[in-house]
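Colleague: Could you take a close look at one part of this model, the salt bridges and what they hold on to, and then work outward from there? Please keep it plain and give the cut-offs as you go.

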Amino acid sequence: MCSNATIPLRIAMVLFPSFTSLDAFGPLNVLNLLSLQHNMTLQMVSADMRPVSVDRTIIDGVVGGMGASSASPYFTEYVLPDATFENATRPDVIIIPGGAGTRNLNATQPAVDWVRSQMGESEEDWPTNVMTVCTGTALLARTHQIGGKNATSNKAAFNWVRTQDGAEDVNWIARARWVVDGKLWTSSGVSAGTDMMLGWVQHRYGRNESERVRILMEWNHLEQEDDPFADYYDLDNSLRVGQTGPYQ
């Protein structure tokens, strides 16, 4: 059944050079299919209107970051933003992908500042949901808005994420495909963002709708507790940054 509410659900995807493609496009595939039945809008938001490079940092034709030393530095893929951090409409849902670009603290600071500006002083002021995929949680931690919240991230980069500014106050959950804490939704690495988004669809629109989208995608959905990569990277829930004892 179509949802034809007068006011659409406003979704914003945050872009920065060298974000990981599936972090963004997996959840967006879910939302594209969902939008055929439910009224929503999408903004691809970046610092400016220049094309944003995917999985490599390429700005004005100059390769930087990890891509510069790769075997194929000019293997190019770009996304065109349609709004900037200065003129974007206030969203109901913010999605922050991860990727190698999250390690460039200076380049991602405008994204951190914008997300912080949308979250206000307390969770009551947040958009309806703030969602991160992979190391996008590191950018969100830097807003200093998720202290005391449960969150997860890419397991290969888990220890790095936990060292970021603001991360010391987060309750990091090592063994989880994705974690929900109030308005905050965070996922493990890359493909986990799609599972999280299907979980969000079920939460907001019901199981039938999430199953409809999943079947259209032919996606083998994993649940929150399905996280073999915590074992692969020898992670557990025994330590929290800055303290001893359980951090779940």
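Modeller: Arg177 is buried, with a relative accessible area of 4%; buried here means under 20% relative accessible area, exposed means over 50%, and partly exposed is in between, using a 1.4 Å probe and protein chains only. This is a predicted model, in which local features need pLDDT of at least 70 and side-chain atom pairs count only at pLDDT 80 or more, while totals for chains, interfaces and linings use all residues. Residues are numbered from 1 along each chain as its sequence is written, and side-chain values use heavy atoms, with hydrogens and water left out.

The partner of Arg177 is Asp195, and their closest N and O atoms are 2.8 Å apart in a salt bridge. Arg177 sits in the loop between β11 (171-172) and β12, whereas Asp195 belongs to helix α5, and the two distant parts of the chain they link are 18 residues apart. Asp195 counts as buried at 0% relative accessibility. A salt bridge is taken as a side-chain nitrogen of Lys or Arg within 4 Å of a carboxyl oxygen of Asp or Glu. Helices (H or I, at least four residues) and strands (E, at least two) are DSSP runs, numbered from the N terminus.

In the whole structure, the search finds 11 salt bridges. One of them joins Lys155 and Asp227, at 2.6 Å from N to O. Lys155 lies in the loop between β10 (150-151) and α4 (158-161) and Asp227 in the loop between α6 (207-217) and α7 (228-232), so this pair ties together parts 72 residues apart in sequence. Lys155 is buried at 4% relative accessible area, and Asp227 is buried at 6%.

Arg10 makes a salt bridge with Asp92, where the closest N and O atoms are 3.1 Å apart. That pair also links distant parts of the chain, with Arg10 in strand β1 and Asp92 in the loop between β7 and β8, 82 residues apart. Arg10 counts as partly exposed at 31% relative accessibility, while Asp92 counts as buried at 15%. Elsewhere, Asp48, Arg50 and Asp60 are linked in a network of salt bridges.

An open sheet of 7 strands runs in the order β7-β2-β1-β8-β9-β13-β12, with mixed pairing. β7 (83-84) and β12 (178-181) each have a single partner strand and stand at the edges, so one side of each has no neighbour in the sheet. Two strands pair if DSSP finds at least two bridges between them. Between strand β1 (residues 9-14) and strand β2 (residues 40-46) there are 6 bridges, and the two strands run parallel. Met13 stands opposite Met44 in β2, and Ala12 has Gln43 of β2 as its bridge partner. Of the 7 residues of β2, 5 are buried, which leaves the strand mostly covered.

Helices cover this sheet. Helix α1 (residues 21-34) lies across β1, β2 and β8 (93-96), at about 155° to β2. Helix α5 (residues 192-205), the helix that carries Asp195, packs on the sheet too; α5 touches β1, β2, β8, β9 (129-132), β12 and β13 (184-187), and its direction makes about 150° with that of β13. Contact means heavy atoms within 4.5 Å. Axes are lines fitted to C-alpha atoms, for helices over the stretch in contact, and angles run from 0 to 180 degrees between N-to-C directions.

Two residues have a backbone angle to check. Cys134 has a positive phi of about 60° although it is not a glycine; Cys134 lies in the loop between β9 and α3 (136-141) and counts as buried at 4% relative accessibility. Glu218 also has a positive phi, near 55°, and is not a glycine. Glu218 lies in the loop between α6 and α7 and counts as exposed at 73% relative accessibility. For background, most residues other than glycine have a negative phi.
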